[in-house]
Amino acid sequence: DIEKVVAATSDAMFNDTSDRITYDFTMTNDGNVTIPGPITVNDDQIGNGLVCGAGPLEVGDSITCSHDWTATQIAIDAGQVTNVASAVATFGGNPVPTDTDTVTVLAVQDSSLILVKSLVGIVPNVYAAGNDVTYRFTVTNDGNTTITTQPVINDSLIADPNDITID
């Protein structure tokens, strides 16, 4: 039997690709034979063969280990990560049957853009009605999520939106 939880000492949410979530994995021998070990964990997000104990694990006893997951941009964009873990051990050369446990941790998403408008030039070099003024709009993603659509720029000084080109 396996139980997976976010460790009490770990952050319960993440918002940056440097954030780490620590999980505690507790394996309990609810069978009727001693498991000689080693006892490892397979986790679809952290990896396989994560060391948890050398063994033996007596009937009714439990062993707990901790392993870290490092946040990814994909998980931040998804708004969460779901990890599925299972215990791995053998008895007499045969795999010990085990269940899986799943934990979902939420991401703190902060979608944010910065827009800077700057004057590039005016033709001819005089501010007068009818002269063309060229501006540059610089859009920077300063949030923690990937922006997948092209920004739309609205400017009250530009009467025809078709006059705005985005590179």
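How many disulfides does the count come to, with a disulfide taken as a pair of cysteine sulfur atoms within 2.5 Å? The count comes to one disulfide.

## Basis

This is a predicted model, in which local features need pLDDT of at least 70 and side-chain atom pairs pLDDT 80 or more, while totals for chains, interfaces and linings use all residues. Residues are numbered from 1 along each chain as its sequence is written, and side-chain values use heavy atoms, with hydrogens and water left out.

## Disulfide

The sulfur atoms of C52 and C65 are 2.2 Å apart. The torsion about their S-S bond is about -105°, so the disulfide is left-handed. C52 lies in strand β5 (residues 47-53) and C65 in strand β6 (residues 62-70), so the bond ties together parts 13 residues apart in sequence. Strands are DSSP runs of E, at least two residues, numbered from the N terminus.

## Largest pocket

A pocket is an open set of points on a 1 Å grid over the protein atoms alone where a 1.4 Å probe fits, with protein on both sides within 12 Å along at least five of seven lines; lining residues have an atom within 4 Å of a point. The largest pocket holds about 510 Å³ of space. It is lined by 20 residues, of which Y135, R136, F137, T165 and I166 are the closest to its centre. Strand β12 (132-141) gives the most to this lining, with seven residues.

Technical notes
Grid points are joined across faces, edges and corners, and a volume is the space filled by probe spheres set on the points. Helices (H or I, at least four residues) and strands (E, at least two) are DSSP runs, numbered from the N terminus. A disulfide is a pair of cysteine sulfur atoms within 2.5 Å.
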